[in-house]
Amino acid sequence: MNKTKFYGIFPAVVTPLTDKEELNDAVLRKLIAFQIAQGADGFYIGGATGEGLRLEAAVRERLCETAIEAIGPERQKIVHISDMNIKTTERLAKQAEAAGADAISAVPPLYFSYNENDIYNYYKKIASFVHIPLMLYYTPAAHTKLSVNLLKRLFEIDNITAIKWTSNNFFDLMLLKDVTHGECSIMNGLDEMLICGLAAGADGGIGTSYNILLPYFKKILHAFRCADIQEARRLQTDCSRIIHILIEYNVIAATKAVLTYMGFAVGPPAFPQEVFSPEKEKELLERLFAAGFPLPAD
């Protein structure tokens, strides 16, 4: 089995959409090229930031293929494939592997109540669809608890080798790192807490705000690895000041508005999320400018 490790700074790339919620291929390629030039170590495609769960399967397949082609072989590519329907999940998983993904990823089963055996069987089934690694996606937003004991069981499945940890429960992150003997890759998923995740044992981060702040998160990781904690904390504070405002305006919609300002016509968020009025976009940008955006290059 492929025991590929994942580490570094991965943008959770936004999905550029037309008004008809079709993929804007040209803008996606332009955005990925920009992020590669800024030092992205890899990419997370079609997750929450990429609005995968709101898009048609055919759009998700095209997103997967276009992104993987644009990224090329030198950087890792993780494709989120879960869907409420397991047959669609299987279709997306197999398509991602065929397209050249380095791993697939899946949130826990949504909406209904599931016990730990249900969740175990769900992930075991998804893992069986492919021959590449499966990265679990833990987020309290899914309203499904993944206990450390359950995660330990899951990591005994041959190709479950990594997790996107979008939680501020760093105690459990440390326990997970311990019970898996440091062999699983843990990617921090809360941008505003990257430094906390790294301190708890994360190998890097996957983030929405990396679309617009990638160089600064690269610097946080570098400072942390060089044991310059004061500098890492300073950089994290600067980034978190920006992120705090993005959260107030809804992160995905706000990030798309900022990217549009930066010259990337990524289009609106998928329905039913709010499309900002020109007045609201202006207000958002003015607040970001007042908070220091764009952050200084040096």
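Okay, let's start with helix H4: its buried residues are Ile119, Tyr120, Tyr122, Tyr123, Ile126 and Ala127. Before I go on, keep in mind that this is a predicted model.

So why do those residues end up on the same side of H4? They cover an arc of only 160 degrees around the helix axis, and that puts them on one and the same side. The background is simple: an α-helix has 3.6 residues a turn, so residues three or four places apart point the same way.

What sits over that side?

As for the helix itself, H4 runs over residues 116–128, which is 13 residues. From first C-alpha to last, H4 reaches 18 Å, close to the 18 Å you'd expect at 1.5 Å a residue. At the N-terminal end there's a cap, Asn115. One of the Asn115 side-chain oxygens lies 3.0 Å from the backbone nitrogen of Asn117.

Now, the sheet. We've got 8 strands in an open sheet, with parallel pairing, and the order goes S1-S8-S7-S6-S5-S4-S3-S2. At the edges you find S1 (8–11) and S2 (42–45), each pairing on one side only. On average, neighbouring strands here are turned by 25 degrees against each other, direction ignored.

S2 pairs with S3, residues 76–80, in the parallel sense over 4 bridges. And which residue in S3 is the bridge partner of Phe43? That's Lys77.

Terms used:
Residues numbered from 1 in each chain as written. Predicted model: local features only at pLDDT ≥ 70, side-chain atom pairs only at ≥ 80, totals over all residues. Heavy atoms only, no water. Pairing = 2+ DSSP bridges. Helix = DSSP H or I, 4+ residues; strand = E, 2+ residues; numbered from the N terminus. Axes fitted to C-alpha atoms, helices over the stretch in contact; angles between N-to-C directions. Expected span 1.5 Å × (residues − 1). Buried < 20%, exposed > 50% of the residue type's maximum accessible area, 1.4 Å probe, protein only. Arc of directions from axis to C-beta. Polar contact = N/O pair within 3.5 Å; in protein donor to acceptor, adjacent residues only side chain to side chain.
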